[in-house]
Amino acid sequence: MIYFDYRFMEVARPIIEHEQYQQMRYIKHHDESVFDHSVKVAFQAYQMAYKRNLDWESTIRGALLHDFFLYKFKKCLSPRLITDSIKHAISHPIIAFDNAVKYFDLNDKEENIIKGHMFPFGVPKSKEAWIVSFVDKYIAVFEYASNFKKMTQRRKQAAYNYNAE
C-alpha cells in the first residue's frame with residue numbers, strides 16, 4: 001500500500017520499509033493486516049493534522065507505530081474474553097512503544113501517540129495523539145463491520161450449500 005502523497009511517503013517510508021515493521025503484514029488485525037491498518041490510520045491522521053497545521057510528521061510516525069506489537073491477539077468466545085481484551089487494550093500500546101524504541105528514535109509526542117491511542121486506557125496529551133486515537137477507532141469500526149459482513153456471508157453460503165445437498 002503506497003500513497004501518492006510525497007510528504008506522507010517521505011516520513012513513512014523509513015518505517016514501512018523496515019524489516020521488523022514488514023512483519024506486521026502477516027499479522028491479522030480486524031479485517032486486514034496490522035500493517036495495512038496502521039498505514040491507513042497514519043494516512044488519515046496525517047491528512048487531518050496537516051489540514052490543521054499540526055505536527056503532521058510526528059502524527060505519521062506515531063500512527064504508523066501505534067500497533068507495533070508484533071503478535072496476534074487471539075479472541076475466542078470464553079468467559080475470559082472481556083478481561084483478556086481489556087488486558088490487551090492496556091498492554092499492547094506499551095509493547096508497541098517498547099518495540100518502536102528498539103528500532104526508531106521517537107520524540108515525546110510520538111511516544112504519547114503510541115501509549116495514549118487506546119483511550120480511555122491511555123490518555124492522549126496532544127491534539128495529534130487525540131487525532132490518532134480517534135482515527136484508529138473510526139477505522140476499526142469499519143474493519144470490524146467488514147469482517148462481520150464476510151463472516152455472515154460465509155455462514156449463509158455454508159447453510160445454503162448444506163441445504164442444497
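What you're looking at is a predicted model, where local features need pLDDT of at least 70, side-chain atom pairs count only at pLDDT 80 or more, and totals for chains, interfaces and linings use all residues. Residues are numbered from 1 along each chain as its sequence is written, and side-chain values use heavy atoms, with hydrogens and water left out.

**The overall layout**

- The chain has seven helices and two strands; helices (H or I, at least four residues) and strands (E, at least two) are DSSP runs, numbered from the N terminus.
- Reading from the N terminus, the order of elements is α-α-β-β-α-α-α-α-α.
- Of the 165 residues in the chain, 44% are buried; buried means under 20% relative accessible area, exposed means over 50%, and partly exposed is in between (1.4 Å probe, protein chains only).
- Take the contacts (heavy atoms within 4.5 Å) with a separation of 6 or more: 65% of them join residues 24 or more positions apart.

**The nonpolar core**

- A nonpolar core is a set of buried Ala, Val, Leu, Ile, Met, Phe, Trp, Tyr and Cys residues joined through side-chain atoms within 4.5 Å.
- The largest one here has 36 residues, and those touching the most other members are Phe8, Tyr21, Ile60, Leu64, Leu65 and Phe68.

- Nine of the ten residues of helix 4 are buried, so the helix is mostly covered.

**Helix 4 meets helix 6**

- Two packed helices are described by the angle between their axes and the distance between the axes.
- For helix 4 (residues 56-65) and helix 6 (residues 108-116), the angle is about 40 degrees and the axes are 8 Å apart; axes are lines fitted to C-alpha atoms, for helices over the stretch in contact, and angles run from 0 to 180 degrees between N-to-C directions.
- Helix 4 brings Glu57, Ser58, Thr59, Arg61, Gly62, Ala63 and Leu65 to the contact, and helix 6 brings Lys109, Glu110, Ile113 and Ile114.
- At the start of helix 6, a side-chain oxygen of Asn107 comes to within 3.0 Å of the backbone nitrogen of Lys109.

- His37 lies in helix 3 (residues 34-51) and is buried, with a relative accessible area of 0%.
- The side chain of His37 still has a polar partner, the side chain of Asp136, at 2.7 Å.
- Phe119 is in the loop between helix 6 and helix 7, and it counts as partly exposed because its relative accessibility is 37%.
- Phe119 and Lys137 are 18 residues apart in sequence and 9.5 Å apart in space, C-alpha to C-alpha.

Conventions: A polar contact is a pair of N or O atoms within 3.5 Å; within protein, one must be able to donate a hydrogen and the other to accept it, and residues adjacent in sequence count only if both atoms are side-chain atoms.
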